[in-house]
Amino acid sequence: MAACMLSRRLAWLRYLPGLTKDFAQAQCLREYCDKPEASEQDGKREVRQRQEATLQGDYTLHYNPPSYHNSKWDSVASQGHTDNDEDEQCLSILAPSFRQQSNCYTVSSSRRLSNSKNTLLEIALNNVSEPETASLPQSHREPVPPDVKVDTRAFQKCRPEYASVTLDLTQRPPPIQWDQALLLLHKVTILKGNMQPSDVVHFLKELSRLHPENTPLVRSDTRFVMLLRYSVENLHHFTQCQLLDVLRSFVWLDLPSSHSILGLYEAELSRRASQMTFPQLLLVADLWRCIGRQVPQFLEHLYGSVSSCIGLMSISELVQLLYIMGEGRQCPADLVRPVEQLLMHHVHKLEPEEVGTVCLALFKSQTSISEGAVNQITDKAHSVVEKMSDFAMVNVLKLLRFSHLDHRAWLEAMAQEVPHRAHKMGVQGLMHVALACSALHYRNDCILMPVAERLPSLVSHCRSKDSCKLLWAFGTLGVLPSQIPGFYPSLIDSLRQKKSAFQRYPEHLLTGLLGLVFVSQFPEDLITLALSPEFIRVALKSPQLELKKDLFTLDETVALELPHWTGPRLVSELREEVAEMLWKYAQSDVCQKPEVVQAECALKDLLGGDQFVRKRMILPHTRSIDLEVHLDSTGQPVPVNTSPQATSCPVKNFDLGPSHQGWEKMNVGVTLTEDLLAQLVNTKNTTDRSTPSRDFEPPPLHRVDSDEGGGAFDIGSELTSGIKVTRSAPQDLHKTTVKLAIQVSNRNHHCYHSEQLLGLHAMKRRQLRLAGYRVVELSHWEWFPLLRKSRTEKLAYLHCKLSSSLE
């Protein structure tokens, strides 16, 4: 009779969503469970049964532990891979917000289908949405090598109030022996269908007290499988406390987050959410977090209850709510402002680790709060930075990186903190330090050098993602191999050892290689792999990643800088497609910028017409435009446009001074005096301080010599109708045409408060020279102030720039 009842129950449960495989297995084991002679006293039989159950128990596959939850519970601190792939959503390059302006002259290279327009090369990030990424089975991810351990839940030790809304993973229940567990499993076979809800809870609670080394044996035991089925039978009959006890047991038993019965538990808890208090909802969410399962259905109920209790929420509840939002990778739009206001009310009371948790939560959930709120949080972090753990400190950098906000005091504090912390930090912490610096364009060798010195000893712990992002960060900031001898070779070797990972994560390889070519490093075997037809097929297959532009940049760089190259190349059709795509974007965005249009129009006035200036992408793969001008050996302009468009220069929209009709026939005769030149370059000798160069500050010590040799003026030279240079031209120019690439730069072409070019733009200058061009930079600290000056001053400035290029 009991067997018939069990058979009917199993037949009914088989139709529940997601349980077909497991119930089919349970039915296969039913006869075994019904046999009265199944006794744990026979040791050999027990071992054989466990082995058979292990072979059949395929439900344990695809285990996806949470970021902080180790299968080895004798070590509380979790692995360094705590943030999963949360950084994949964040743009590494600044967008137009706060004090860091966007790069108006670089075509976006986003690998997403949609993104903000004005960015540099975006780092090759895995753009699987975060909720999906976080729930990917472990077998679908790159293995994480052991790293320095961090405790990502340390903030929960800051206040005793966290005990009511979290599970303390350091307080494991008192252990039981294996013999006791066998006895419990035997009782399961005896009670079978007569099991009451309290019995199910009791068995699960007791079994969860096993030592972690024995929990895999329990999970693979057929009687435990049956116990889980009985728990589903009694699901609606559990009290709320019993449900919470069952979830705690699942945590200690390391039940796989992908196990099919967990979906039923989420549905039941969601059904009962309206009956729970806010602290109970937080506790349930935390238990799900400990299991490592994404539960969007339940979190909707949690978030829906926030508005009704926002005014009564304590600091611990607020921080825990933010933590859950971060782990769930979402903050509902209607909660952003209320949560921000409450956070600002409590920010001065936050403990150092709580500050780090808040920053990480905002970063993971991609929650954009106001500039003032970010500043206040970072101010608080700065005031307690010496008490913060390395993990918390790195999280503050993540928030600044996401917010595109430069906090000068915090960045300066990093120059003090990182040098004495780097020697004990793990790979991922160091990677995020470097990545934040590159995203903020902040080059400070006091930070970067200790990171570079530490990493070669940690290479064995690097994932492909870590190695590639580190190469990107250092390459973007222009740190040359000669400055850090062991850094680049060790990470290049690391990439060679992880070639198989790039079949799954092609964007990582392109990230690393672009960082390398920025600093003239060309590992030809890895480039051959990246440009191979097989790799290109993989790279272009993903609908969520747009890697064509990165492949194009790498391919054209190889063509220019490796003339001996005989390896694979992109097919011409793909190169033409990407070049056209980039140019269309440039025409709709960069080419329309007022500073670019004014430079183009003024050059046409200066040189004598539209035919002497061509606005185009000389090197399309560098994703920015140039104003191309040709001069003969005597300094006279040579036509570059065969079919100039008369309407390409909308002068009427901008203040260029008096009408320019007949300008090419006039000898204006403006004398370039010292005072005038001082105004043009905004130096200390100027007598008119009314329009200072906006946001320009004296560059720091890391100054790089300009490529174009501009800035040298002859005091008292005459500006005439032509650009004819009064100096005697070098002998080798008499029979040649000088090709000039005139670039209107933006401050995001350079490192923060510096004249040092970022990696992409340094590479472009290098390649323009290889292509036979001389670069003339209209730097933002010189040209932008002139936009508000007279047409005569603009022309005088351009005259001197072109003249200097012929020296």
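Guide: A contact here means heavy atoms within 4.5 Å. By that criterion, residues 24 or more positions apart account for 80% of the contacts in the chain with a separation of 6 or more. The model is predicted. Its chain has 807 residues, of which 60% are buried, and it holds 34 helices and seven strands.

The part to look at is strand β6, which spans residues 738-744. Six of the seven residues in β6 are buried, so the strand is mostly covered by the cut-off of under 20% relative accessible area. In a regular strand, side chains alternate between the two faces of the sheet.

What does β6 pair with? Strand β2, residues 626-631, runs antiparallel to β6 and is joined to it by five bridges. Within that pairing, Lys739 of β6 stands opposite His630. Strand β7, residues 773-778, runs parallel to β6, and six bridges join the two. There, Gln743 has Glu777 in β7 as its bridge partner. Between β6 and β7 the chain passes through helix α32, residues 759-770, and this β-α-β crossover is right-handed.

The loop that leads from β6 to α32 contains His753. Most residues other than glycine have a negative phi. His753 is not a glycine, yet its phi is positive, about 50°. Is His753 buried or exposed? His753 counts as buried because its relative accessibility is 18%, under the 20% cut-off.

A positive phi also turns up elsewhere in the chain. Arg329, in the loop between α15 and α16, has a phi near 60°, again in a residue other than glycine. Arg329 is buried because its relative accessible area is 5%, under 20%. His404, which follows helix α19, has a positive phi near 60° as well.

The helices next to these last residues can be described briefly. Helix α19, residues 390-403, has 14 residues and reaches 20 Å from its first C-alpha to its last, close to the 20 Å expected at 1.5 Å a residue. In α19, 14 of the 14 residues are buried. Helix α16, residues 333-346, also has 14 residues, and its reach of 21 Å is close to the expected 20 Å. An α-helix has 3.6 residues a turn, so residues three or four places apart point the same way. The buried residues of α16 are Leu335, Val336, Val339, Glu340, Leu342, Leu343, Met344 and His346. Their cover includes α13 (296-304), α14 (306-309), α15 (315-328), α17 (352-364) and α18 (371-383).

As for cysteines, the structure holds zero disulfides. Cys309 is buried because its relative accessible area of 13% is under 20%, and Cys331 is buried at 14%.

To return to the strand: β6 is mostly covered, with β2 antiparallel to it and β7 parallel to it.

Notes
Residues are numbered from 1 along each chain as its sequence is written. This is a predicted model: local features need pLDDT of at least 70, side-chain atom pairs count only at pLDDT 80 or more; totals for chains, interfaces and linings use all residues. Side-chain values use heavy atoms; hydrogens and water are left out. Buried means under 20% relative accessible area, exposed over 50%, partly exposed in between (1.4 Å probe, protein chains only). Helices (H or I, at least four residues) and strands (E, at least two) are DSSP runs, numbered from the N terminus. Two strands pair if DSSP finds at least two bridges between them. A crossover is right-handed if, with the strands pointing away from the viewer, the path from the first strand over the helix to the second runs clockwise. The expected span of a helix is 1.5 Å times one less than its number of residues. A disulfide is a pair of cysteine sulfur atoms within 2.5 Å.
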